[in-house]
Amino acid sequence: MKNKKSVSFRICCIIGLTVLLIFGLGACWNRMTFEEAFKSNWEIDLPKNMVKEYNKSDSAGLAGQGDGTRYTVFKLEAEPTNFLTDFSSKKDKNFESNVNKATSQFGIPENFLPDWDAEYSWKHVGKNYWEEYGFYGDNLYMIYIPNSLRLICCECL
């Protein structure tokens, strides 16, 4: 009787470990790149030929969904002229305030924050939850700084 329990326990352990291994490998293979996740979330293709300089995320999220704030700074090789066609170059205090609110308690080093006194172009994308009232549940703030060829993406999901 004791021998049967031991064999049953071993079989259960082997089956359990096999299932965990299969799910673990599947999770590794299904990881999206930042660009793929960005495209999925915002339907925006990021410029090619850029390097991620800084990234900070508090996206613990509910049930691992990745909700939260992600702040990423990219260094571009050249100005992405086509990418910037729908960016505004007109300074906007409301936009600046929203970005500052989103990043204020995030602990981002100052050298990776936008310099609002410098020249910049910007774009805001909001997923429309009750859009007619001006409320957006998910926000993307993009800032392009031509002097440093930096693109800052602040996602609030």
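This is a predicted model: local features need pLDDT of at least 70, side-chain atom pairs count only at pLDDT 80 or more; totals for chains, interfaces and linings use all residues.
Cys154 forms no disulfide, and the cysteine sulfur nearest to its own, that of Cys156, is 4.1 Å away. Cys156 likewise is in no disulfide, its nearest cysteine sulfur being that of Cys154.

Cys154 has a relative accessible area of 0% and is buried. Cys156 also counts as buried, at 15% relative accessibility.

## Nonpolar cores

The largest nonpolar core contains 18 residues, and Tyr71, Phe95 and Ile143 have the most contacts inside it. At least two residues of this core come from each of strand S2 (69-76), helix H3 (93-103), strand S4 (136-145) and strand S5 (150-156). In soluble globular proteins, nonpolar side chains tend to be buried together.

Leaving aside residues up to four places away in sequence, Tyr71 touches residues including Tyr54, Phe106, Ile108, Phe112, Leu113 and Ile152. Its contacts also include Asn55, Lys56, Cys153 and Cys154. Of these, Cys154 is the buried cysteine with 0% relative accessible area.

## Helix H2

Helix H2 spans residues 34-42, and its buried residues are Phe34, Phe38 and Trp42. They lie on the same side of H2 because they cover an arc of only 40 degrees around the axis. An α-helix has 3.6 residues a turn, so residues three or four places apart point the same way.

After H2 comes Glu43, which has a positive phi, near 55 degrees.

Key. Residues are numbered from 1 along each chain as its sequence is written. Side-chain values use heavy atoms; hydrogens and water are left out. Buried means under 20% relative accessible area, exposed over 50%, partly exposed in between (1.4 Å probe, protein chains only). Helices (H or I, at least four residues) and strands (E, at least two) are DSSP runs, numbered from the N terminus. The arc is that of the directions from the helix axis to the C-beta atoms. A disulfide is a pair of cysteine sulfur atoms within 2.5 Å. A nonpolar core is a set of buried Ala, Val, Leu, Ile, Met, Phe, Trp, Tyr and Cys residues joined through side-chain atoms within 4.5 Å. Contact means heavy atoms within 4.5 Å.
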